[in-house]
Amino acid sequence: MKLYAYFLMAYFSLKESLTYWKDYISFIIFSVLGLVLQISAWYALYSSVDFAPVMGRSYETMITYYLIMQIVRNFTSADGIAGTLEQRMSTGEIATDMLRPAAPRGILIARAWGEKLYYFIPSILIFVGSVLVVGGIQLPASPGVFAAFCVSLCLGYLINLMFDLVMATFAFWFIEVNTLRWFVTFFVALSGTAVPLWLLPSWLQAICRALPFQAAAYVPMQIYLGSTNPAEILRAFGTQIFWIIGLFLVQEWLWRRGKRRIVVLGG
Amino acid sequence: MIEVENLCKDYLVKGSKDGLFSRGKQKKRAVSNINFTIHPGELVGYIGPNGAGKSTTIKMLTGILLPDGGSVRIDGLDPFRQRKQNCRNMGVLFGQRSQLWWHLRLDDTYRLLKHLYEIPDEQYKARLSVLREILELDEFWTQPVRQLSLGQRMRGELAAALLHSPSYLYLDEPTVGMDVLVKERIRELLGEINRRDGVTILLTTHDLEDVERLCSRVMVINHGNLLYDGTMAELRHRCPADSSVTIDIDGEPILPDSLRSVKREGSRVSFHFSRHMGEGELLAKVISQNHVRDISITEPPIEEVVRDLYEGGENA
């Protein structure tokens, strides 16, 4: 079956990444360091107010936000795709993808999944370790809320996937897309992965709401924390699906135009 | 059948002549109005200096690049617009680029290709065992690809290109960087694949020996223009380069004045002659007028023949 070939590619890509297990060391150090810094900052803040709620959120909610957000971010991110395409364009490896009776974007996505799983394994370990250290986190209010969170998480991944495919197509016009990707990283920081959006001034919140990034990460997080009622959950799904369809159409259009411009570098 | 008609491809070359911000863009024609037809079962050599347009042509035949003009039809298919369909019937090998998974074993790549090309189990097993045998893959079957020598890897690449039993095989410099023995082995294998399965092969190379040993037909390209399309023998005939003759003579040699580049070394006399300039008679004269003990004639190396053609093309 053809679909199985894509699974194999993801698996091989994971297996190839695992030959470089040393990357894990820096990944683990940075993740743990980041968590320690954030949690200690919030601990200091909350202890100064005797653990009373800050802006309506308890200390436990805050910690839950950061720990769950690690999982949300790692699961929904698709930032391997633009990078992979750029790299395959600049080394000319894109040529070997085009020789297969397969969708080049399917190959890209499968390869990116391999790399994603590579980082997902330690991030689960870090998550479990942190939960044990802080002594438990807030759980979803009901199985229904948890199911809605999972659905929203998958939709969030699709938003990021479509967005990254849009970014990736720029590689057809400019061989160097990483600078562009960097610029965009600034906006991704407004997706709620760095700071909960409720802490931002209202004008900045308004900007965030107009961008697709918060729909990918902040929206599932809000559902998890139970800040959304059933009607709002449905509306949130609607917003997510809107972004998926919109970005899908943009990337489809760009891809069709871009692939005519393929140049294969390196002979 | 591969049918190429008035094929063109341009590249935009960014010039830096206009300073930092306004960079002039120049159009460079990589392939210019090329026409040829390759029939099933042919083994065709495609040669030309660096940047002549060989690889660009191959990339258009394989559907990677969209032509800027003209058309390519492979068994009636448009390789760019019907890419996936065309892919199923072609194998490609880029000498400078690997299609194997670098950190994995050979059979991992083959397993993936089996599913990508949807090869039925039975057919896959049979094909793989044939390829393992003729390409002698067993000795390094379980090693990661990164540990293979260039010759071993290239055999692995060939198997990957042939696994789905394609009718067309495009080889872009398959012998680049190989030593003489390995080159010889790869040539034998290509010849065998062509004869055994009737695979149509288009071979791009810098090594003219590849072409001389393997190909019945050769196409020469330079600056995007097809300069020659015909047999190897005809190519030699068309671009007469000098052969060199060495004669071992008893006694004082009697030599006509019109002989060129005469060198004497004891009883040995060597000179150049071109059989296409009516100099055959001259040679006969030398032989009849002297007591010849031994004679040897060295054909001009094919490199010289082709160099003449490249230079001719540049002047034209």
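Domain bounds in this predicted model come from an automatic or database domain assignment. For chain B the assignment gives two parts, domain 1 covering residues 2-237 and domain 2 covering residues 242-299. Taken over C-alpha atoms, the centres of domain 1 of chain B and domain 2 of chain B are separated by 44 Å. Along the principal axes, the C-alpha atoms of chain B fill a box of roughly 75 × 55 × 40 Å.

The secondary structure of chain B consists of 10 helices and 13 strands. Chain B has 316 residues, and buried residues make up 35% of them. Among the contacts in chain B with a separation of 6 or more, 70% are accounted for by residues 24 or more positions apart.

Chain A is helical in its secondary structure, with 11 helices and zero strands. Read from the N terminus, the order of its elements is α-α-α-α-α-α-α-α-α-α-α. The radius of gyration of chain A is 20 Å, close to the 18 Å given by the globule rule for 267 residues, so chain A is as compact as a globular protein of that length. The C-alpha trace of chain A spans about 65 × 40 × 35 Å along its principal axes. Of the 267 residues of chain A, 33% count as buried. Contacts in chain A between residues at least 6 apart in sequence join, in 83% of cases, residues at least 24 apart.

The largest nonpolar core holds 121 residues, and its members include residues of chain A and of chain B. Within this core, Ile81(A), Ile159(A), Tyr170(B) and Leu203(B) touch the most other members. Helix H7 of chain A, residues 143-169, gives the most to the core, contributing 12 residues. The surroundings of Tyr170(B) can be listed individually. With neighbours within four places in sequence left aside, Tyr170(B) is in contact with Ile58(B), Leu61(B) and Thr62(B), and also with Met90(B), Val92(B) and Leu202(B).

Definitions and conventions. Residues are numbered from 1 along each chain as its sequence is written. Chains are lettered from A and ligands numbered from 1 in the order in which they are written. This is a predicted model: local features need pLDDT of at least 70, side-chain atom pairs count only at pLDDT 80 or more; totals for chains, interfaces and linings use all residues. Helices (H or I, at least four residues) and strands (E, at least two) are DSSP runs, numbered from the N terminus. The radius of gyration is taken over C-alpha atoms; the globule rule is 2.2 Å times the number of residues to the power 0.38. A residue is buried if 20 or more other C-beta atoms lie within 10 Å of its own, exposed if 12 or fewer, and partly exposed in between; C-beta atoms are placed from the backbone. Two residues are in contact if their C-beta atoms, placed from the backbone, lie within 7 Å. A nonpolar core is a set of buried Ala, Val, Leu, Ile, Met, Phe, Trp, Tyr and Cys residues joined through C-beta atoms within 7 Å.
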